[in-house]
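Trainee: I would like to learn how to read charged side-chain pairs in a model. Please take me through some cases.

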Amino acid sequence: MAAPSPASKVSFSIHGVGVSSGIAIGHAHLVSHALLEVVHFQVPKALIADEIIRFDKAVKTVKHDLETVRRLLPEKAPPELSAFISTHLMILQDHALSETPKQMIKAEGCNAEWALKQQMEDLVAQFEKFEDEYLRERKQDVIQVVERIIKVLLGHPSQVPLRSQESAIILVAHDLSPADAIQFKQHQFAAFITDVGGATSHTAILARSLNIPSIVALQRARTLVRDGELIIVDGNQGVVIVNPDKDTLAEYKLRQEQWEIEQQKLKRLKLTKAVTLDGTNIELHANIEVPEDVSHAKAAGATGIGLYRTEFLFMNRREMPGEEEQFQAYRSVAEAMKDLPVTIRTLDLGADKEMNPDTARTCTNPALGLRAIRLCLSEPAIFLTQLRAILRASHYGKIKILIPMLSSITELRQTLVLIERAKQSLDAEKSHYDKDIQVGGMIEIPAAALCAEAFARELDFLSIGTNDLIQYSLAIDRTDDTVSHLYNPLHPAVLQLVEMTIRAGNKLGKPVSVCGEMAGEAKLARLLLGFGLRQFSMHPSQILTVKREILQSDLPLITPVARKILGTQDIDRVEPLLQKLNLQ
Ligand code: PEP
Ligand code: MG
């Protein structure tokens, strides 16, 4: 691929959402966007049967391609990849994609590509009505499958270019399907950037597991960047620089080297204990969503699972998972973690995490509605099934129960009664479970933080869910883009609620953890340590960076500065004081 001279081109930057950190410098390879090339034409009556055969053949080819990709998945490929490809196969073979377009070809006499595109648009419109963000994003899977069929219909080659000797290649796509990405992985691309995708899209999930810098939601990268142009991808900042000038290029080469050296150094910390300079032990736990995430937690050296978001087992399906299915999932995590603690959070459905948007109740303020523990208390049969499954799994490891969204002690007591009832039902059957299982509560509503001592008295441990705590204390819907700039973990009110909760737990000798996103932000580690936090739980990819921060922290030095930050009600003073704290 010819490398255009950087000096002869106009340099500009595009901003998106960085979903996987790191810096890559290389030449752009534009992945075609077949959907844009579809045109509409009438097929003569005599040729309709042939058009249908052409469509069937294309679907067959895609099926064969996807099955081949799945079969040839490298052993070390992340487990979710095979599941992604299976999902695409399911979508491909669904009546809506493999049959309905044929009816349209017959009824309207249109070409196969056009019929497929019309059908796709109908399906996408249906997906867009879903309130649940995760389900809404699944429309991308439909688009990706359709894109594949259309590429075959249009006769686009599906191979990827060979990597040039002297420079890295950066994929620039409108969107990437997991199946595309795994093929691309074998060609060792340096990074990928896409026009669409959100932080919870499959593309983003995949990017993180492939561990290459990536940016999504760039809007028009595919139109603005030309094939072969030199680009810099800064996954840390979510910025793409196209045709950088000499100085920018030199600067980024340096940053890239530093980043790579840092990553190598970080890996060496995997087995190092997280101990501060003054000798205080800190626990660094992992947040997981599905049992397969345990491998990432272990690879990062997590000393436990601090938050297992069980609601993901309940999503994307019409039937609730039964006790046995839940038991198997919880047991597999407990066994995989051996003697290390596994904190299983009971069902946190509702608001942005609906099980099935088709049947979801509509309410004006779902985040303030019947969600999490409120939902469980109003549906005791569902709750008891989950509690029995967790308790049974506790026989196979070191499981703890975590209750989300508690707002009052009455609610907590009702919950404890149901836990007792689940235990009694197991006793009656002589089933094994850990009789001393610990029960903790999430502090994620300001009311609970203000009454943290009362909760600490009745519970074995507390875990601060800062994502919701910030949402509820600042009155900012965490799913609403228009107010996301106001979402600020450093707001003095948030800091006071967090510190107050940690203090309450420490006073009563009950462990306190932070399991919201704040825990994984390295720049907040010292502040939380200074507030007295000794347990953090975060996405596995953040553990080593936070550990490095902890290894360099000296509690006697940082505590007074953290207290000073706590003392200010002036939001503008917090950031400079935090910088000072991080320089200590
Ligand atoms: C939180 O609210 O901080 C939390 C960890 O729970 P979730 O993000 O699942 O609501
Ligand atoms: Mg929460």
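Trainee: Is Lys523 buried, partly exposed or exposed?

Mentor: Buried means under 20% relative accessible area, exposed over 50%, and partly exposed in between (1.4 Å probe, protein chains only). Lys523 counts as partly exposed, at 39% relative accessibility. This is a predicted model, in which local features need pLDDT of at least 70 and side-chain atom pairs count only at pLDDT 80 or more, while totals for chains, interfaces and linings use all residues. Residues are numbered from 1 along each chain as its sequence is written, chains are lettered from A and ligands numbered from 1 in the order in which they are written, and side-chain values use heavy atoms, with hydrogens and water left out.

Trainee: With which residue does Lys523 form a salt bridge?

Mentor: Side chains of opposite charge can pair when their charged atoms come close. A salt bridge is a side-chain nitrogen of Lys or Arg within 4 Å of a carboxyl oxygen of Asp or Glu. The partner of Lys523 is Glu575, with the closest N and O atoms 3.7 Å apart. Lys523 lies in helix 21 (residues 522–530) and Glu575 in helix 24 (residues 571–583), so the pair ties together parts 52 residues apart in sequence. Helices (H or I, at least four residues) and strands (E, at least two) are DSSP runs, numbered from the N terminus. Glu575 is partly exposed, at 33%.

Trainee: Which side chain meets Glu323 in a salt bridge?

Mentor: That of Arg388, at 2.7 Å, N to O. Glu323 is in helix 13 and Arg388 in helix 15, 65 residues apart. Glu323 is buried at 18%, and Arg388 is buried at 14%.

Trainee: How many salt bridges does the structure hold?

Mentor: It holds 28.
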